[in-house]
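Got the model open and wondering where to begin? Here's a quick briefing you can read with the structure beside you.

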Amino acid sequence: MYSEKVMDYFMNPRNMGEIENANGVGLVGNAKCGDIMKLYLDIDDATGIIRDAKFKTFGCGAAVATSSISTEMVIGKTIHEALDITNRSVTEALDGLPPLKIHCSLLAEEAIRSALWDYAQKKGIKIEGLQAPESTDHHHHLNDEE
């Protein structure tokens, strides 16, 4: 079953919506379970600090909860601190997820990386430790065994 925290973030999602002029936007999806997560970041060019983050998620309650808490986790962080956020830290922040829903936290991690990649592309910079998203067609989970 879901932790109280997951339920809380599902019922009262934080930072839902979009950022008008977001300079980093990540869109990731898991074709198998139909979750789509879009993450908007507003990154301060001078300091590399994420000033704001918002999300739009189409998916199950766990997908909403993981994207919501991940926006809270990245706000105020530097790009490099945001890169350190893993699906494990997202799961822990929610006091755990059912095994079947772990892929949602993976999606949240991917969304953060995808948005940071978009930012780097727009700015023509290289972010240490950030790889290009595996594919741009959002189907790269089709062959993954969860």
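**A partly exposed arginine, and what's around it**

Let's start with one side chain: Arg-113 has 26% relative accessibility, so it counts as partly exposed. Keep in mind that this is a predicted model.

- Arg-113 has a partner, Glu-109, and the two form a salt bridge whose closest N and O atoms are 3.9 Å apart.
- Both Arg-113 and Glu-109 belong to helix α5, where four residues separate them, about one turn of the helix.
- Is Glu-109 buried or exposed? Its relative accessible area is 16%, and buried means under 20%, so Glu-109 is buried.
- Further along, Asp-118 and Lys-122 bring their side chains together in a salt bridge too, at 2.8 Å from N to O.
- Asp-118 and Lys-122 also sit four residues apart in helix α5, again about one turn of the helix.
- Lys-122 has a relative accessible area of 49%, so it counts as partly exposed; the exposed class takes values over 50%.

**The sheet**

- Look for an open sheet of three strands, in the order β1-β2-β3, with antiparallel pairing.
- Which strands are at the edges? They're β1 and β3 (50–58), each of which pairs on one side only.
- Going from one strand to the next, the twist averages 15°.
- As a bit of background, strands of a sheet pair through backbone hydrogen bonds, and they can do this in a parallel or antiparallel way.

**Strand by strand**

- Strand β1 covers residues 24–30 and is mostly covered, with five of its seven residues buried.
- How many bridges join β1 to strand β2 (residues 35–43)? There are seven, and the two strands run antiparallel.
- At one spot in this pairing you'll find Asn-30 opposite Asp-35 in β2.
- The hairpin of β1 and β2 has four residues between the strands, and Gly-34 there takes a positive phi near 75°.
- On to the next pair: β2 and β3 are antiparallel as well, and they pair over eight bridges.
- Here Ile-36 stands opposite Phe-58 in β3.

**Helices on the sheet**

- Helix α2 (residues 61–74) packs on the sheet and touches β2 and β3, with its direction at about 175° to that of β3.
- Helix α5 (residues 102–123), the one with Arg-113, packs on the sheet as well, touching β1, β2 and β3.
- The direction of α5 makes about 145° with that of β1.

- One of the others joins the side chains of Asp-44 and Arg-51, at 3.4 Å from N to O.
- Arg-51 counts as partly exposed, because its relative accessibility is 46%.
- Salt bridges can also link up: Asp-8, Arg-14 and Glu-72 are connected in a network of them.

- Which residues make the nonpolar surface patch of about 290 Å²? They're Met-7, Phe-10 and Met-11.
- You can find Met-11 in helix α1 (residues 4–11).
- Met-11 has 56% relative accessibility, and since exposed means over 50%, it counts as exposed.

Note on methods. Residues numbered from 1 in each chain as written. Predicted model: local features only at pLDDT ≥ 70, side-chain atom pairs only at ≥ 80, totals over all residues. Heavy atoms only, no water. Buried < 20%, exposed > 50% of the residue type's maximum accessible area, 1.4 Å probe, protein only. Pairing = 2+ DSSP bridges. Axes fitted to C-alpha atoms, helices over the stretch in contact; angles between N-to-C directions. Contact = heavy atoms within 4.5 Å. Salt bridge = Lys/Arg side-chain N within 4 Å of Asp/Glu carboxyl O. Patch = residues over 30% accessible without salt bridge, like charges linked within 9 Å, V, L, I, M, F, W, Y side chains within 5 Å. Areas by Shrake-Rupley, 256 points an atom, 1.4 Å probe, with all protein chains shown as cover.
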